[in-house]
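Please read the points alongside the structure.

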Amino acid sequence: MTPNENQNQSIPKTHPRYQSLKYRHKIIESMKNLVVAEAGLIAHGRGECFDYILGERTTQPAKKAIKAAIATLLIAENPVISVNGNVAALVPEELVSLGKTVNIPLEINLFYRKKGRIRAIQKVLQKAGAIDIYGVDERKMIKLEGLESNRRKVELIAYADVVLVPLEDGDRTEALKKLNKTVIAIDLNPLSRTALWADITIVDNIIRTLPEMIRIAQKLKNFNKEQLRNILENFDNKKNIQDTLDLIIKYIKNQKEEAFKILKK
Ligand code: PTJ
């Protein structure tokens, strides 16, 4: 066996880190067919690290933020879900399902615009059942003000009032905010610029967040606008981020005690 062959071996379901390894392999495989950027592997690793200190669960603050996010998306006039390589690799079916449940279009928006990537992501989304996918045709794109990176090239996002940005770098969130758009971020790092600039910050793993968003959307779809606004009035993003950081501190303290029980043996 060559050293490289070893990387593709299947993971036994009994492995204690089966879920984590499964998604790791998805990211690696998706890098090979251009869906994920090379830097996407590093971003995923950073995400894993934050997930670890959150206890790899969807916390109460994250659940509150998810509810507020769905209420915002349902009230919005022109909402858009922004899709990058990592998200398309990890949760394509869920992205399409969320889009259909709340009737919101998907737009591909990349930081690393290597040739062939948009087409590769479009194919993944189509396979997952997406019909209308935006951000594909350069001729229809315009450039967002105040942004130097490739993410400035947008289609529907230019006219959106609310943008859902899962897992990304901080510059665009800042630019979108300066253009008076409401930003909903999904980011495992509660201290990232995206997390701090967003109006609603869901500090959770996209893998768990999207199924939860779909579940909540199915419920809130039947609410009227006043009921949805009520949810938003009771949501405080700053407090929610503080609560998340407190949970991390508490979790690490507990883990420290657990670790020392083993170390003492
Ligand atoms: O596909 P592209 O070209 O648009 O590029 C996408 C990446 C992710 C490579 C690009 O946006 C990037 O470099 O992002 P950053 O600056 O590394 O930020 C990614 C953020 O997402 C970090 O704060 C990570 O902690 C977080 N993150 C990583 N994996 C997950 C996550 N958040 C939620 N769920 C995850 N699974």
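1. Among the 25 residues around the ligand, those that come nearest are Y112, R117, R151, D169 and N205; a residue counts as near if one of its heavy atoms lies within 4 Å of the molecule. The model is predicted: local features need pLDDT of at least 70 and side-chain atom pairs pLDDT 80 or more, whereas totals for chains, interfaces and linings use all residues. Residues are numbered from 1 along each chain as its sequence is written, and side-chain values use heavy atoms, without hydrogens and water.

2. A polar backbone atom of F111 is 2.9 Å from a ligand oxygen, and a backbone N or O atom of Y112 lies 2.8 Å from one. From the side chain of R151, an N or O atom is 2.8 Å from an oxygen atom of the ligand. The ligand taken alone exposes 750 Å², of which the protein buries 94% (Shrake-Rupley method, 1.4 Å probe).

3. Two elements give two or more residues to the shell around the ligand: helix 2 (38-53) and helix 4 (85-90). Helix 2 gives the most, with 6 residues. Helices are DSSP runs of H or I with at least four residues, numbered from the N terminus.

4. Helix 3 (residues 60-75) has 16 residues and spans 23 Å from first to last C-alpha, close to the expected 22 Å (1.5 Å times one less than its number of residues). Its buried residues (under 20% relative accessible area, 1.4 Å probe, protein chains only) include P61, A65, I66, I70 and L73.

Terms used
Buried < 20%, exposed > 50% of the residue type's maximum accessible area, 1.4 Å probe, protein only. Polar contact = N/O pair within 3.5 Å; in protein donor to acceptor, adjacent residues only side chain to side chain.
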